[in-house]
There are 2 protein chains.
Amino acid sequence: METKYGLEDISQATISRMATYLRCLTYLEQQGTSILSSRELASLTGASAEQVRQDLSVFGRFGKRGTGYDVVGLKTEVEAIFGRGVEQWKCCIVGVGSLGTALIESRMVQKWGFKYVAAFDTDPHKIGTRVERIPVYSLDELKTVVRRERVAIGVIAVPASSARTAARILCEAGIRGILNFAPQSIKVSEKIPVLSVDLSQEFLKLSFYIQRAEQRARDEQAQIDTASHSE
Amino acid sequence: METKYGLEDISQATISRMATYLRCLTYLEQQGTSILSSRELASLTGASAEQVRQDLSVFGRFGKRGTGYDVVGLKTEVEAIFGRGVEQWKCCIVGVGSLGTALIESRMVQKWGFKYVAAFDTDPHKIGTRVERIPVYSLDELKTVVRRERVAIGVIAVPASSARTAARILCEAGIRGILNFAPQSIKVSEKIPVLSVDLSQEFLKLSFYIQRAEQRARDEQAQIDTASHSE
DNA sequence: CCATGTGAAAACTTTCACAGCG
DNA sequence: CGCTGTGAAAGTTTTCACATGG
């Protein structure tokens with residue numbers, strides 16, 4: 001039951017893959033699968049089998065040689081790595097626009113031990129209402145509420161122009177980490193982790209990959225044409 | 001004006017940073033900044049100055065030695081790299097739940113040359129309505145509409161259990177790329193790029209970083225305590 | 001003199017190959 | 001015998017150092 005690991009020197013890529021493994025393990029558990037090999041987990045997640053083993057070995061030895069991994073056991077270990085069981089992560093949302101509302105409504109997050117306890121906005125029409133039972137407060141109340149409720153994670157879902165102000169207030173309130181959905185890079189104290197997700201950037205990246213894929217297809221076609229021509 | 005580049009062998013990390021540079025350049029253009037150095041762009045984006053120069057050098061030589069980069073000129077070049085100007089990217093959304101609606105309502109995407117032209121759902125109450133002027137069709141009509149409108153990008157915003165079906169239908173309709181917001185890995189033909197964004201995974205990652213940051217802080221504090229004790 | 005652009009070194013990540021164990 | 005766990009090799013990315021040119 002020892003899950004001893006120095007939390008340092010673990011690459012972002014490893015953490016991303018660990019999160020993906022966890023999602024797959026949950027799915028497999030629901031399916032009733034009890035044992036799986038690194039190869040199977042690899043093919044489900046798009047990684048290589050060696051990479052799966054390497055990633056897991058950073059945190060401990062969870063498998064049985066000759067057999068593989070116990071799905072439930074490994075899932076429990078990976079959940080522990082992500083802090084599940086240690087605590088219920090209380091979250092708040094700053095910005096109750098369509099994205100903020102969507103984030104609250106998508107209950108995805110509850111499944112992993114996260115829980116929204118408050119939302120904040122500057123719009124007087126929204127203040128005092130509730131979104132899925134979560135009360136919407138004025139931004140002025142943020143510090144008080146975050147401190148009182150001991151909110152751990154602040155989710156920024158405001159326009160880019162207000163993002164930095166939101167981050168500053170959250171930090172002053174003693175937030176422990178920030179998830180930023182505004183298309184604006186955020187700088188706070190080194191001690192507060194900030195993770196930014198820029199949805200429009202994903203569209204840009206995809207359009208690049210599309211162009212590249214289509215360019216490759218054209219190149220291949222050209223090669224086939226040349227080959228058949230020289231026959 | 002030459003923007004010649006082999007679109008191959010460019011790392012995902014470089015593309016992500018390029019998208020971030022583009023966001024900053026747009027911001028700087030609005031601010032009225034006309035010239036900037038690699039160092040300034042680096043500090044705005046969190047990369048290093050060398051990395052900025054290395055990234056840009058993959059695509060061409062856009063700067064003036066001793067001076068820096070012309071904001072508008074560089075922005076135009078980077079936009080071209082992402083396919084801006086080449087075409088208006090037509091998008092469709094599969095799944096008009098809160099996330100799908102939020103994606104349509106957040107106009108962020110229009111700014112970069114993307115445009116929603118259709119949405120699809122299986123809910124009879126939604127079919128025939130409009131979300132921000134975008135018509136909602138039945139999923140059965142997807143192939144016809146995507147082909148007719150020559151939709152380039154399909155955005156999946158359905159629950160995990162329906163994601164693969166959605167992807168399959170999109171591919172059959174001749175979509176050129178997929179942006180997947182469902183917490184489910186998607187496998188399609190090698191030729192169709194798929195980019196997945198799993199929001200709940202971001203929460204998990206953040207909780208890991210919070211634990212690590214707090215562990216570090218405790219370790220540092222312990223060292224200070226030890227040091228002062230041995231005095 | 002300044003900041004870019006770029007080979008080369010350092011650091012890091014992934015893959016390989018196989019020892020070790022159920 | 002099969003699959004994990006792991007050092008070492010191969011490959012990739014980042015940083016360094018400096019030549020180059022406005």
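Q: Which residue is the bridge partner of Cys91(B) in S8(B)?
A: In this predicted model, Cys91(B) has Ile153(B) of S8(B) as its bridge partner. Strands here are DSSP E runs of at least two residues and helices H or I runs of at least four, numbered from the N terminus.

Q: How do S4(B) and S8(B) pair?
A: Strand S4 (residues 89-94) of chain B runs parallel to S8(B), with 4 bridges; pairing takes at least two DSSP bridges.

Q: And what about S9(B)?
A: S8(B) and strand S9 (residues 177-180) of chain B are parallel too, joined by 4 bridges. Val155(B) sits opposite Leu179(B) there.

Q: Are the residues of S8(B) buried or exposed?
A: Ile153(B) and Val155(B) on one side, and Gly154(B) and Ile156(B) on the other, are all buried. Buried means under 20% relative accessible area, exposed over 50% and partly exposed in between, with a 1.4 Å probe and protein chains only.

Q: How far is the side chain of Arg53(B) from a base nitrogen?
A: An N or O atom of that Arg53(B) side chain is 2.6 Å from a base nitrogen of DNA strand C.

Q: Anything on the numbering and cut-offs?
A: Residues count from 1 along each chain, chains are lettered from A and ligands numbered from 1, in written order. Local features need pLDDT of at least 70 and side-chain atom pairs 80 or more, while totals for chains, interfaces and linings use all residues, and side-chain values use heavy atoms, without hydrogens and water.

Technical notes. Polar contact = N/O pair within 3.5 Å; in protein donor to acceptor, adjacent residues only side chain to side chain.
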